[in-house]
Structures are given as structure tokens and as C-alpha cells.
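Hi everyone, thanks for coming. Please have a look at what's on the screen before I start talking.

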Amino acid sequence: MHIREYTEDDLEAVFRLRRVAFNSTDRPERLMRPGTRGLVAELDGRIAGVLGIGEYAQFYGGAAVPMGGIGGVAVDGASRGRGVASALLDAALAAMREHGQAISVLYATVPALYRGRGWERSGVLEWVELPMDRLLSVPKPTERIPSRPARESDLSALHDCYLEVARTIDGMADRRPPRITVEKVLEMDLVSVLPGPNGLRGYLTATREPGGDMGRLKVHDLVAVDAEAQLTLLASLASWAGTLEAVDLRITDPATVDLLAGTPLRHSVWTATWMLRVVDLPAAVAARGWPRLANAAVDLEVVDEHAPWHAGPRRLVVEDGSVRVEPGGTGAVRLHARALGPWFSGAQNTHALRRAGLLEGDPADAVVLDQLVGAAGVPRLADFF
Ligand SMILES: CC(C)(COP(=O)(O)OP(=O)(O)OC[C@H]1O[C@@H](n2cnc3c(N)ncnc32)[C@H](O)[C@@H]1OP(=O)(O)O)[C@@H](O)C(=O)NCCC(=O)NCCS
């Protein structure tokens, strides 16, 4: 098997693989787009598999960590089960490390495949259905903030407004160019902005889509930097009450839905889970933001056969407000490759990782790992009354 970066000459073969795998009919004009790379696997001189890597960055602890977003993994139907996808993932790990992408995220249709290579479920992308009666009962903002349609000259303020909020939510992308083109926002059906004294206080983007009698309103971003601006944008959605029974809101800021929107006891949430893989532990630790903690150290034993560059005894050192990973130490806490993603994202604490068989060692040593990422887990009840 030969694995190499794809070139424009591979367009037909890659399109065919993806058409058959995903039943997709959109034929791209170009394979090579700014901010995207890809790998192909050749078997017996024919292209048997493909994988794309997008250049993104995710906020963790307020700092943007370069992230390789894996997508479009497809293997020819006649060549499956022979390790082609696994070999592509191994090559992708080395390629991402080389390009400074310290972490990697993917939306998996086949979790087993990616688990085998160290990715693990570490976060969600969610849409919530907000029934109109609930939107109508949202408290009215006390302040009247006039909104207006967005113009091209608003684009950088719009992105700044997004960043001001996104930076405070672990996992959010920074939507950096060239992978993301901010101008595309203006192609949406509804883009309204709330001008503020310094830039924008908030904005909302939405598209009308088919579904039901009157179609759906899909709100892609409802983002605002303060409560009054969030309430103003929520109130603006109530104006659709005549034509729609509900709107679909993509959760950008969970506080908007949880603290202001007032969803009913039972409501519909559409969830897509994403899996995270730490590609290069020292680089990922250096790139993320950390809370101010007293000096501490955790001795790790990283078990990771697919990323040997960070495997083995490593010491996580918290010193004078900075955190780093260096080789050495006693290996007191054993962390499997699959534990690194959910730990780094804060999705699971060390107790859960232990119960899943992904972490071993003294709980008193491991607790520093939780304190660092603030991994308290999502508070839950499993009893209903
Ligand atoms: C999923 C796909 C890429 C796997 O390609 P492949 O070359 O057959 O995968 P591999 O041979 O490297 O398999 C690696 C492991 O994943 C497992 N696996 C592969 N496909 C699987 C599936 N559909 N369901 C569950 N496990 C699967 C294999 O059993 C194997 O596990 P093992 O190492 O324990 O034996 C291929 O089946 C495909 O193109 N499917 C359609 C498109 C798709 O779903 N892509 C994934 C997008 S996220």
C-alpha cells in the first residue's frame, strides 16, 4: 500500500470514492482548497481510499489550539477490511504532527475505526428545537437595541463578536481563514446585527429550509456578548410565530438556551458527537490555556502505539502559571491514547476514564488532571420524580 498527499489529478478518483461511499452527487470543481489537504491510499496501482484534513483551531482555556479536522474518509467497497482506512489514519497522524496540528477532531460514522487509532468522543454539536410558545414567553429585553441587516463592512466586527464568545467555550472553532470564509455568512437568508458602542453586541444568522408545511427556520448562530443582546435576538425570533411552530437553533453559546431561552421539560435536541485525538501531547499542552494553579506535577505513562513520539513516561509540570509536558517521571498515572481527547476537552473526568479502562494509577495523583481542565463532568441525575 502506498499513501501520499492527493493532487488535483486525483479529483476524478476521489470524487468517485466519495460518491459511492456517501451517495453524494456534488462534484467539486477542485480538490485542493486553501486550508485543506488530503491523503490517498494506492493499492495495486489504483486509488483505494481517501481522507481529508482541514486546518482549524479549537479554543481550550481561552487559547486557540491548531486542530486537524478529518473528514471524507472513504475506502473503495472492494478494498474494505484490509486496513486501508487505518493506514490512512496513521499517515494523517504523522502529517498533522508535521503541520503543527496538535489535536484532531472528526465526526465519526464508524466510531470503532477511530477508537482503534486513539480518537474518542469528546464533545457535541447540538441543535435544539425551540417551540414558538416558549420563544414568546422569553422575558422581553428591558433595553431597546436596534438591529439591522449585516453589510460587508460588518464582517470583521461580526467575527470579533463571535470570537469574544467562542473563546470562552471550550471546543469552539476560531473559524480562521483560509478554511473558513467569513464572507459566506452574507449568503444566508437572514443576517442581522446589533451594533454596540465598540463593534457588535450580537448577531444572528439563519436560513429557510424545507420541512413541514411552512418549512423550517434554521438559526446557525445566535451570538451576543451580554444578556440584553441575547434576549433581543431571541425576541426577534418570536416574530416568526405567524408562520412557524418552532425554530431550530444551533447551540453556539449553551448559556443562551440554558439560562435565557426556557426550553420545556421535554424538548428535541439533535446531537452530533465529535471525537478528539491528541496528536502531540507536549504541543497540545503548550498551545492551550490553563487556569492559575499552584505548582504541581503528574507523572504519566502514555500508552499510544500510533503516536510513538509522545508515548512512554511523561511528566506534566505546572510551574509558575505555565504547564508543560516533558519526558521522564515515574509513570504513576497510566493514560491510554483514547483518554487524552476526553481529558483535554474536559468531557470526562479521571473517574470516568478509569471506569472505562482508559486510566490507571493513584486517584490522588490523577486529580490534578481534572483540576487543570476543569473536568467536573456534566451534573446529572438518573432518577426522575
Ligand atoms: C469506514 C471505512 C472507511 C472503513 O475502511 P476500511 O479500510 O475497511 O477500514 P479498516 O480495514 O482499516 O478497518 C479498521 C477497523 O475498523 C473496523 N471497521 C471498519 N468499518 C467498520 C464498520 N462499518 N463498522 C464497524 N467497524 C468497522 C474494522 O473492523 C477494523 O477493526 P479491527 O482493526 O479491530 O479489525 C469504509 O468502510 C468506508 O469507506 N465506508 C463508507 C464511508 C464511511 O462510513 N466513512 C467513514 C466516515 S466518518
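Predicted model: local features only at pLDDT ≥ 70, side-chain atom pairs only at ≥ 80, totals over all residues.

Residues are numbered from 1 along each chain as its sequence is written.

Okay, the ligand. How many residues surround the ligand? There are 17, and the closest are Arg80, Val84, Ala85, Ser86 and Leu113. To be in that shell, a residue needs its C-beta atom, placed from the backbone, within 6 Å of the molecule. Two or more shell residues come from each of β4 (63-75), α2 (84-98) and α3 (111-115). Those names are DSSP runs, numbered from the N terminus: helices are H or I with at least four residues, strands are E with at least two. By type, the shell has 10 nonpolar, five polar and two charged residues. Nonpolar here is Ala, Val, Leu, Ile, Met, Phe, Trp, Tyr, Cys and Pro; charged is Asp, Glu, Lys and Arg; the others, Gly among them, are polar.

Next, β11, residues 246-250. In a regular strand the side chains alternate between the two faces of the sheet. Buried means 20 or more other C-beta atoms within 10 Å of a residue's own, exposed means 12 or fewer, and partly exposed is in between, with C-beta atoms placed from the backbone.

Who pairs with β11? Strand β6 (residues 120-131) does, antiparallel, over five bridges, and strand β10 (residues 216-224) does, parallel, over two bridges. Pairing requires at least two DSSP bridges between the strands.

Last stop, an open, mixed sheet of five strands, in the order β15-β14-β13-β16-β17. Why are β15 (322-327) and β17 (359-360) edge strands? Each has a single partner strand, so one side of each is left without a neighbour in the sheet. Further in, β13 and strand β16 (residues 333-336) pair in parallel over four bridges, and valine 302 has leucine 335 in β16 as its bridge partner.

Glutamate 301 sits in strand β13 (residues 296-303). Glutamate 301 is partly exposed because 18 other C-beta atoms lie within 10 Å.
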